[in-house]
Amino acid sequence: MTAEILEPRRRPTQERSHKKFDHLLLVARELLLEVGFESFTCEEVAHRAGLPIGTLYQFFQNKYVMVCELDRVDAVAVRMELASFAEAIPSLDWLKFLNRLVDHMAKMWVDDPSRRAVWLAVQSTPATRATAAVTERELAAEVAKALAPLTPGTPRERRTIMAEVLVHVVYSMLNFSIRDGQEHSEAVIELKRLVTAYLLSAEHSE
């Protein structure tokens, strides 16, 4: 049985609704980071946002839909970084650009620890995991495009799998890098080694 993909009940089309929608997500992010997913409730989000609970339910059916939407928001910022990377290739110095991309993404995770809270939250149920997987695949499609000039001899199907592996590994390692007791800089160095070795291996195996 295929897990349900969680989407907002509706997305705002007017500026006033957009502001409420974005405000609810901002408050939800802050609450999630503060109390964790177990204690996270739609009622508390609405209360802290200063909005009726009915307004929240106009957009979000439950807290699972909210964290999946937060995961989509986080992916948008990653796509922006990836677009900058893609503009710099093909290049003989692509490893330097790759290191810069990883550094930028690592800074995003340090500056905003709610990213890890969101990532952990979407692991909570089959439906949230399935929804997060869709978001990952959409991001991987962008990664596959960026990989094309770096691995011109690689079949498209394999490049797609490579991109999905890279996205999953990078996300996992970045979340690992900011967990309690973990030395962030060392984890980022190891992530660069993993990604670089993987891409070089793919390039030489063509």
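Visitor: Leaving aside its neighbours within four places in sequence, which residues is V27 in contact with?

Guide: In this predicted model, V27 is in contact with V45, R48 and A49 once those sequence neighbours are set aside, and V27 itself lies in helix α1. The C-alpha atoms of V27 and R48 are separated by 6.9 Å, although the two residues stand 21 places apart along the chain.

Visitor: Why is V27 called buried?

Guide: The relative accessibility of V27 is 6%, and the word buried is applied under 20%, so V27 counts as buried.

Visitor: Which residues of α1 and α2 meet, and how do they divide by class?

Guide: From α1 come H23, L24, V27, A28, L31 and E34, which meet E44, V45, R48 and A49 in α2. The residues of this contact divide into six nonpolar, one polar and three charged.

Visitor: How do you know what to call the arrangement of α1 and α4?

Guide: Here α1, which spans residues 15–35, packs on α4 at an angle of about 100°, with the axes 10 Å apart. Since angles of 65 to 115 degrees count as roughly perpendicular, α1 is described as roughly perpendicular to α4. In this pairing F21, L24, L25, A28, R29 and L32 in α1 meet M66, V67, E69, L70, V73 and D74 in α4, a contact with nine nonpolar, no polar and three charged residues.

Visitor: Why does R72 count as buried?

Guide: R72 is found in helix α4, which covers residues 63–87, and has a relative accessible area of 16%. The cut-off for buried is under 20%, so R72 is buried. Not counting residues up to four places away in sequence, R72 touches L6, E7, P8, R11, T131 and T135.

Visitor: What makes the packing of α5 on α8 oblique?

Guide: Helix α5 (residues 94–111) and helix α8 (residues 156–177) pack at an angle of about 45°, with their axes 10 Å apart. Only angles under 35 degrees count as roughly parallel, and roughly perpendicular begins at 65, which means that α5 is oblique to α8. The crossing in which α5 passes α8 is right-handed. M105, A106 and W109 in α5 meet V170, Y171, L174 and N175 in α8, and by class this contact has six nonpolar, one polar and no charged residues.

Visitor: How do you know whether W109 is buried or exposed?

Guide: W109, found in helix α5, has a relative accessibility of 2%; buried means under 20%, so W109 counts as buried. Leaving aside neighbours within four places in sequence, W109 is in contact with V78, R115, Y171, L174, N175 and I178, and the side chains of W109 and N175 are also joined by a polar contact of 3.1 Å.

Visitor: Why is S177 called buried, and which residues does S177 touch?

Guide: S177 lies in helix α8 and has 1% relative accessibility, so S177 counts as buried, the cut-off being under 20%. Not counting residues up to four places away in sequence, S177 touches Q182, E183, H184 and A187. A polar atom of the S177 side chain lies 2.6 Å from the backbone oxygen of L174.

Visitor: What makes T196 buried?

Guide: T196 is found in helix α9, covering residues 184–204. The relative accessibility of T196 is 15%, and under 20% the term is buried, so T196 counts as buried. T196 touches L95, L98 and N99, not counting residues up to four places away in sequence, while the side chain of T196 reaches the backbone oxygen of K192 at 2.8 Å.

Conventions. Residues are numbered from 1 along each chain as its sequence is written. This is a predicted model: local features need pLDDT of at least 70, side-chain atom pairs count only at pLDDT 80 or more; totals for chains, interfaces and linings use all residues. Side-chain values use heavy atoms; hydrogens and water are left out. Axes are lines fitted to C-alpha atoms, for helices over the stretch in contact, and angles run from 0 to 180 degrees between N-to-C directions. Helices (H or I, at least four residues) and strands (E, at least two) are DSSP runs, numbered from the N terminus. Angles under 35 degrees count as roughly parallel, over 145 as roughly antiparallel, 65 to 115 as roughly perpendicular and the rest as oblique. A crossing is left-handed if the near helix is turned anticlockwise from the far one by less than a right angle, and right-handed if clockwise. Contact means heavy atoms within 4.5 Å. Ala, Val, Leu, Ile, Met, Phe, Trp, Tyr, Cys and Pro count as nonpolar, Asp, Glu, Lys and Arg as charged, and the others, Gly among them, as polar. Buried means under 20% relative accessible area, exposed over 50%, partly exposed in between (1.4 Å probe, protein chains only). A polar contact is a pair of N or O atoms within 3.5 Å; within protein, one must be able to donate a hydrogen and the other to accept it, and residues adjacent in sequence count only if both atoms are side-chain atoms.
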